[in-house]
Amino acid sequence: MSNGYQLRIYQVVGEPLSGVAFVQDYTELHFDGKIVRALADPVVSAGGETLTIPEKGSRDLLCGFIGQLVSELLVSDQSIVLKFGATKSVTIPLHDERQRGPEAAHYMPDD
């Protein structure tokens, strides 16, 4: 992810998750026009439960985040973590053996 997009991804903080799309081999998180596309399998955590997409129940767990605000975004060399309140998060690993191709994530701004 280039530095410009890395800085712009913070635009999702305070935004509600408006939709989730499960495409053949990636997952999209929609924020009213902005999209965070996970090309590596995201890890979804809520209420003590942690599942990696496409594990059974992981999609339902993630869809339960729709309508909730991103409270914090953490970007490191290892992952992108979107936090939804104190107990819910989506982690996109940036260096994962299951990653498809050279990139693990894309950020698509609404402009």
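User: Which residue forms a salt bridge with Glu15, and how far apart are the closest N and O atoms?
Analyst: Lys34 pairs with Glu15, and their closest N and O atoms are 4.0 Å apart. A salt bridge here is a side-chain nitrogen of Lys or Arg within 4 Å of a carboxyl oxygen of Asp or Glu. This is a predicted model, in which local features need pLDDT of at least 70, side-chain atom pairs count only at pLDDT 80 or more, and totals for chains, interfaces and linings use all residues. Residues are numbered from 1 along each chain as its sequence is written, and side-chain values use heavy atoms, with hydrogens and water left out.

User: Where in the chain are Lys34 and Glu15?
Analyst: Lys34 is in strand E3 (residues 34-38), while Glu15 is in the loop between helix H1 (3-8) and strand E1 (19-23), 19 residues apart. Helices (H or I, at least four residues) and strands (E, at least two) are DSSP runs, numbered from the N terminus.

User: Why does Lys34 count as buried?
Analyst: Lys34 counts as buried because its relative accessibility is 9%. Buried means under 20% relative accessible area, exposed over 50%, and partly exposed in between (1.4 Å probe, protein chains only).

User: What links Lys34 to Asp110?
Analyst: A salt bridge does, with the closest N and O atoms 3.7 Å apart. Asp110 lies in the segment after strand E9 (105-108), 76 residues from Lys34.

User: New topic: how many salt bridges does the structure hold?
Analyst: It holds three. One of them pairs Glu28 with Arg37, with the closest N and O atoms 2.8 Å apart.

User: Are Glu28 and Arg37 buried or exposed?
Analyst: Both Glu28 and Arg37 are buried.
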